Amino acid sequence: METLLLNTAYFPPVSYISQLNRHSTAFIEQFEHYEKQSYRNRCEILSANGKLPLTIPVKKNGKIKFLTKDAEIDYSTPWQKLHYKGIESAYKNSPFYDYYEEEFHPYFERKEKYLLDLNLSILDTLINLLKLHTRIELTEDYIPEGTETFADLRNIIHPKKNVSLFADLKTYPQTFGEKFPFLPGLSILDLLFNMGPETKDYL
């Protein structure tokens, strides 16, 4: 089986975690040029008003281009408080929110310097909760597109792309399902808070 190659992601979408579940090893690309408006610093949840993107502000540091591994989190605005409140408001009435909330609460209090470190820590928590058997490694240099031996999904799992590769994902009960049709592509938090221990079976 090919080794999975992914971008880093903040509370990744279900499709991202589903791909991890299908591979024994996954490399996270850290030597790419950082890209805005992607899952690297954004996740999407379902609120009472519909899809809600939660975005981590990243420092510019006077540079037009910089590597993902060097992306620093900007704490000049209270984004952690806003993200936590948004997640709480969206999922406090979901079946498994209370069961998992304490696992994620620390990420909205401590202040990691680098986005990559925050995302890797969150991913480690998710892998442990879901009992995935995927080994996560970081690239040691940039891996060019088209490199054989890799299942390269770096530019495939993206909030602006609706890829047929993930069309086989099943529907599941969502917290505001009575208000909205099923919404795919949300953060793994949406599936986890609604399906709990059955999440891995869905993946």
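Which residue forms a salt bridge with Glu 35? The partner is Arg 40, and the closest N and O atoms of the two are 3.6 Å apart. A salt bridge here is a side-chain nitrogen of Lys or Arg within 4 Å of a carboxyl oxygen of Asp or Glu. The model is predicted, so local features need pLDDT of at least 70 and side-chain atom pairs count only at pLDDT 80 or more, while totals for chains, interfaces and linings use all residues. Residues are numbered from 1 along each chain as its sequence is written, and side-chain values use heavy atoms, with hydrogens and water left out.

Side chains of opposite charge can pair when their charged atoms come close. Across the whole structure, eleven salt bridges are found. Another bridge joins Lys 69 to Asp 70, with 3.2 Å between the closest N and O atoms. Here Lys 69 is partly exposed at 28%, and Asp 70 is partly exposed at 32%.

Helices (H or I, at least four residues) and strands (E, at least two) are DSSP runs, numbered from the N terminus. The closest N and O atoms of Glu 88 and Lys 85 are 3.9 Å apart in their salt bridge. Glu 88 is partly exposed at 26%, and Lys 85 is partly exposed at 46%. Elsewhere, salt bridges link Glu 29, Asp 152 and Arg 154 in a network.

Attention now turns to the aromatic rings. The structure holds 14 aromatic pairs (rings of Phe, Tyr and Trp, the last by its six-membered ring, with centres within 6.5 Å; planes under 30 degrees apart count as stacked, over 60 as edge-to-face and the rest as tilted). One of them is the edge-to-face pair of Tyr 10 and Phe 11, with 5.1 Å from centre to centre and 65° between the planes. Tyr 10 is buried at 1% relative accessibility, and Phe 11 is buried at 1%. Tyr 10 also pairs with Trp 79: the ring centres are 6.5 Å apart and the planes stand at 85°, so this pair is edge-to-face. The pair links distant parts of the chain, with Tyr 10 in the loop between strand 1 (3-6) and helix 1 (14-21), and Trp 79 in helix 2 (residues 79-91), 69 residues apart.

How values were computed
Buried < 20%, exposed > 50% of the residue type's maximum accessible area, 1.4 Å probe, protein only.
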